[in-house]
Structures are given as structure tokens and as C-alpha cells.
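Let's walk through this model together, one question at a time.

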Amino acid sequence: MRITFLGHAGFAVETAGALVVMDPWLTPQGAFDSAWMQLPRNHHLAPRVREMLETPGKERFLYISHEHKDHFDPEFLATLARRDFTVLVPKFKRAELQELFAKYGCKRVIACEDSREVPIKGGYIKLFVSEQGTNRDSGVMVRGDGQCFLNINDCKMHDRLARVIAEEGAIDVFSAQFSGAIWHPTCYEYPRETYAEISRKKRDSKFEAVSRALEAVQPRAYMAAAGPAAFLDPALYALNFEDVNIFPRAPALFSFLEKRLPDAPTRYLEPMPGDVLDAGTLQFVSQVPERVTADNFKAYLETYAKDMEHLFVERRRDLPREEVEDILSRLHVELQRKLDLLDLHDRVGMPFYVELTEAPTRLLRVDFKHRRVEEVPELRDTTRYAMKVSAGDIVRVLDRKLNWEDFLLSFRLRLSRNPDVYEPVLHGFLGVEVEDIREFCDGIRATEARKERTVVEAGGKRFSIQRFCPHQGADLSEGWVEEGRYVVCPRHRWQFDLHNEGACKTNNASLCAEPLLDKPEHGRKDRGGDKVPADMPPVDKAPVEPPRA
């Protein structure tokens with residue numbers, strides 16, 4: 001098995017009988033309205049990947065993990081002339097990917113349910129589908145030539161990795177996201193010290209998630225992928241050089257892993273786009289000469305930014321007052337349409353304000369309690385959530401050139417909230433498309449309806465808790481305990497305080513924890529000294545990521 005790194009989360013896996021191209025993100029325009037650019041740049045690989053997919057011989061597959069544009073690249077895929085390959089996509093409730101590829105004109109489209117195997121000569125491809133609330137993602141496994149590659153990219157399937165390995169057997173090469181991919185705290189107006197502290201916790205929490213994944217999978221090699229993007233828009237460029245943020249590079253992860261897992265047999269590899277790895281020997285068959293290192297990183301980005309500056313010059317223009325007023329009116333209608341469909345509106349305890357930078361005295365105030373959007377001249381609520389954005393950026397959502405989540409990931413907005421608490425319904429209202437609002441609400445209710453309980457042991461005491469995380473339904477029996485009192489969700493690392501009825505530390509969610517009076521006679525001790533049930537993994541004291549925002 002040969003694995004070619006295509007940049008970001010992209011790979012091409014070749015076995016004796018098949019080729020699987022995974023998440024090729026190659027367009028020079030980047031993603032999320034050009035806010036994210038590939039790092040290192042990989043645009044030169046587009047002809048090579050086209051040749052892979054268009055050359056007859058082996059059975060050829062194109063796998064797309066989910067809709068985010070740093071994984072699903074419509075611009076590059078439109079350049080493929082010969083499309084006699086098979087497309088593999090996860091079967092989500094939202095059928096957008098299936099519908100897009102149904103019109104694409106390829107050999108066939110297979111929408112895979114969770115754990116579905118697609119046979120290939122001498123092995124198989126298997127997809128793992130994860131869909132919770134607004135998060136839709138998948139991982140992929142390729143087994144062939146006596147080797148196995150598991151790529152979970154951004155997929156939050158950490159709570160099931162141990163079971164996957166028990167069912168599938170040994171993994172030779174493993175890849176998983178290690179860098180942030182969210183707008184919190186990047187877009188929030190925090191004091192510098194607060195921003196750094198939140199970033200540090202989220203960064204270390206992501207590293208801890210990779211550590212635990214490696215403990216569960218125990219691969220022979222880990223390939224660092226789905227790392228940070230390059231932010232080349234002058235308005236975002238400083239993100240590349242912050243002392244602490246949620247976009248670390250691979251060497252920082254490897255330093256963490258060497259301390260966290262000092263005896264691990266896994267090799268840590270940082271491939272550059274175009275590098276080819278032999279999964280049997282774990283040796284690079286070929287490596288590209290251009291390597292991005294700490295020493296040349298700044299100069300590399302300066303050259304990259306200069307080459308791409310035309311993308312951002314074209315974005316700048318002053319809008320006439322009439323156009324701003326029209327955008328404000330259209331945004332008013334869009335927000336009201338969302339609100340009309342949000343039947344969980346009564347759960348939001350604060351209003352949401354939107355300010356266009358070109359019209360600072362004409363704010364839109366979303367009143368969830370009374371289910372109306374009104375125009376007001378200024379902020380008038382102490383308890384509030386607020387967003388500032390330019391009319392030229394938000395109009396791209398209204399024109400359907402971006403969806404709401406892509407817009408949020410463009411980082412071209414500023415957010416603030418008081419109190420600084422994650423509110424899941426308000427978050428969904430902002431990030432979900434109009435047509436998905438009802439399904440979003442149904443998903444929250446479905447998660448809340450799961451009342452199965454489990455027992456967790458912490459600090460020498462036992463507690464009965466809800467088994468499934470109230471955030472997005474992760475199985476907490478695959479979680480762990482920290483500091484003798486906090487249950488940690490394995491998917492997003494939310495903390496729940498067993499000494500406070502299982503309340504989330506930074507959110508109003510709860511596991512409805514109840515202490516049990518009977519004391520167990522036996523149990524194994526974790527490395528932190530606490531006992532844990534036999535079906536839960538060993539406990540480490542690890543940093544915890546605040547809720548996604």
C-alpha cells in the first residue's frame with residue numbers, strides 16, 4: 001500500500017487492485033471565501049490527482065468525508081474531464097452531497113451507511129459516519145495488500161475507536177485532525193490574556209484527544225494531517241503568527257506526544273504535499289524537496305501571501321448606501337425566517353444583535369422570547385449575544401455563495417457574548433441553514449430523549465449519570481474522569497462536575513448525576529489514582545476544551 005499526501009486532509013491510497021483519493025482540496029482559491037488557504041500550498045498537485053482519477057486500469061474511488069470546503073472542493077472536481085470512477089460519500093440525513101454527485105456524471109455514487117464495507121480486490125474500504133446536530137462528518141478505512149490505513153480527519157468518533165479496533169484489527173497508518181477548525185475564540189472579542197488562555201486549553205485538549213486516539217488505535221505510524229490553514233487575507237494574516245491560538249503546527253503536537261506517550265511505538269510523520277509513504281515499511285518512497293519548517297515559515301508565508309494578494313484586492317469595494325440598506329433588509333428577512341422555524345426559541349435567554357459595520361446605528365435585534373426581529377439604534381441589553389460584520393461579507397450568504405457555517409469559518413466577523421456561556425440553540429440558530437432549522441431542533445430533542453444511565457466512579461465514590469452527553473450524544477462510558485470529580489466527554493471534552501449534580505462547568509447542561517451509597521469492593525485504579533468502571537478507559541489528568549462556540 002502506498003499513501004500519497006495531497007495536502008491538508010487529502011490522501012491518495014493505492015493498493016494492488018484499487019486507488020482511493022480522499023478529500024482532495026486543491027483549488028488556488030482556497031476555502032471559506034478564500035479565508036483558508038492550503039498550508040503548505042498544494043495547487044501544483046492538481047494535474048497529478050486528475051491523472052490518478054482519469055487513468056483507467058485499477059478500480060478508482062473518490063471519497064469525500066463531508067461538506068466543508070477544505071474537504072469537498074467543487075472547483076477542482078469540476079476540472080475532471082473523465083469521470084468513470086466511483087464516488088463514496090457518507091449517507092447523512094441531509095442529502096446534499098448525494099444530490100450534488102448525482103448530477104456530477106461519474107460512474108456511480110455510493111452513499112454509505114455507518115460501517116458499510118465496499119469491497120475492492122484483496123481488501124475493502126469502510127466508512128464510519130458521525131452525525132450529531134449540526135456536525136456531519138465521516139472517517140474512512142482502506143485495507144489491502146496486508147496493510148490498513150485509518151483516516152478519521154475531522155470526524156469526532158473518538159468515543160468508538162476502541163470498538164472499531166476490536167472489530168477491525170491492527171492499523172498500520174493512522175491520521176486524525178490535530179488543529180482547530182472553529183470560530184471560538186478566534187472571532188470573539190476577548191482581552192488578550194483571556195483569548196490566550198482559552199486557546200491554550202483548546203489546543204492542549206485537541207492534543208490530548210489525539211493522544212487518546214493513539215492509545216486506542218496503537219498504529220505503527222501517525223501522519224499529521226488536517227492541520228492549520230494559511231490565513232493570507234490581510235485582515236486575518238496576524239493569525240499565522242500569534243503566540244498561542246488554536247492552529248498549532250505538527251512539531252508542537254509531536255512535542256506534546258513525546259511527553260504524553262513516552263513509550264509509544266508509533267512513528268510521528270509530518271508529510272509535505274506530494275510525499276509518498278510505503279505503509280508496509282513506513283519509509284517515504286519519495287519526498288518533495290520543498291519542506292516548510294520553523295526556520296523558513298515566515299518567509300514562506302510572505303511569498304505565499306504576495307502570490308495570492310490579488311484574491312483579496314478584488315474583495316475590497318465601498319458599497320453605496322442604497323445597497324447597504326437592501327442587504328440589511330434582506331438579512332432582516334433571513335433572520336426572521338430562521339426564527340419562525342426555531343421551535344426551541346423559548347430556551348434562549350438573551351437577544352442576538354447583528355450590526356453591519358456600514359450601518360452602526362441600525363442594528364437588528366433577534367428577540368427569541370417574542371419570536372421577532374426588530375431594528376434598533378443601539379445595544380440595549382446587558383445580557384446579549386452580538387455579531388459585527390460587513391455588508392459585503394454577509395451578502396455572500398444571502399446570495400447563497402456561502403452557507404452560514406462557511407461564513408462563520410471565514411472568520412470575517414466579530415462576536416461577543418455576556419455572559420460568556422455557550423448557548424447551543426442560539427449557536428444553531430446562527431450556524432444552521434433555514435431549511436435545516438427544524439431538523440436541528442428535532443436533533444436536540446432526540447438527544448435529550450436518550451435517558452439511559454451508567455455508573456461512573458470518581459474519588460472513591462460511585463455516581464449514576466446520564467450515559468449520553470447532552471451536547472451531541474457522545475457515549476460517556478467511553479469518557480474519563482479528571483481531578484476525581486469531572487466526567488469528560490470523549491468527543492468535545494466537555495466537563496461535568498459530579499460534585500454539582502453533573503453540571504457542565506461552562507454551560508447549563510447537566511448529566512443529572514446522583515451519588516450511590518453502596519461502595520464497590522473492587523475496581524481497577526487509573527493513573528490518576530481514581531477507580532473507574534471496567535468499561536471505561538484509563539484516566540489521565542488532561543486539559544479540557546471548552547464547549548464549541
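This is a predicted model: local features need pLDDT of at least 70, side-chain atom pairs count only at pLDDT 80 or more; totals for chains, interfaces and linings use all residues.

Q: Which element gives the largest share of the lining of the second largest cavity?
A: This cavity has a volume of about 60 Å³, and its lining includes Ile152, Asn153, Lys206, Ala209 and Val210. Two elements give two or more residues to that lining, strand E10 (147-153) and helix H5 (192-217). The largest share, 3 residues, comes from H5.

Q: Which side chain makes a polar contact of 3.0 Å with that of Asp154?
A: Asp154 is one of the residues lining the second largest cavity, and it sits in the loop between E10 and helix H4 (161-168). Although buried, Asp154 has no salt bridge, and the nearest side chain of opposite charge, Lys156, is 6.3 Å away. The polar contact of 3.0 Å is instead with the side chain of His71.

Q: Are Glu67 and Arg136 buried or exposed?
A: These two form a salt bridge, with the closest N and O atoms 3.1 Å apart. The pair links distant parts of the chain, 69 residues apart, with Glu67 in the loop between strand E4 (59-63) and helix H2 (74-77) and Arg136 in strand E9. Both partners are buried.

Q: Why does Asp204 count as buried?
A: Asp204 is in a salt bridge with Arg203, the closest N and O atoms being 3.0 Å apart. Buried means under 20% relative accessible area. Asp204 counts as buried because its relative accessibility is 18%.

Q: What is the relative accessibility of Asp343?
A: Asp343 meets Arg445 in a salt bridge of 3.2 Å, N to O. The partners are 102 residues apart, Arg445 in helix H12 and Asp343 in the loop between helix H8 (321-341) and strand E16 (352-356). Arg445 is partly exposed at 31%. Asp343 also counts as partly exposed, with a relative accessibility of 33%.

Q: Which residue caps the N-terminal end of H11?
A: Helix H11 (residues 424-431) is mostly covered, with 7 of its 8 residues buried. Val425 is among the buried ones. The backbone nitrogen of Val425 lies 3.1 Å from a side-chain oxygen of the capping residue, Glu423.

Terms used
Residues are numbered from 1 along each chain as its sequence is written. Side-chain values use heavy atoms; hydrogens and water are left out. On a 1 Å grid over the protein atoms alone, a cavity is a set of points where a 1.4 Å probe fits but cannot get out, and a pocket is an open set with protein on both sides within 12 Å along at least five of seven lines; lining residues have an atom within 4 Å of a point. Grid points are joined across faces, edges and corners, and a volume is the space filled by probe spheres set on the points. Helices (H or I, at least four residues) and strands (E, at least two) are DSSP runs, numbered from the N terminus. Buried means under 20% relative accessible area, exposed over 50%, partly exposed in between (1.4 Å probe, protein chains only). Lys and Arg count as positive and Asp and Glu as negative; His and the chain ends are not counted. A salt bridge is a side-chain nitrogen of Lys or Arg within 4 Å of a carboxyl oxygen of Asp or Glu. A polar contact is a pair of N or O atoms within 3.5 Å; within protein, one must be able to donate a hydrogen and the other to accept it, and residues adjacent in sequence count only if both atoms are side-chain atoms.
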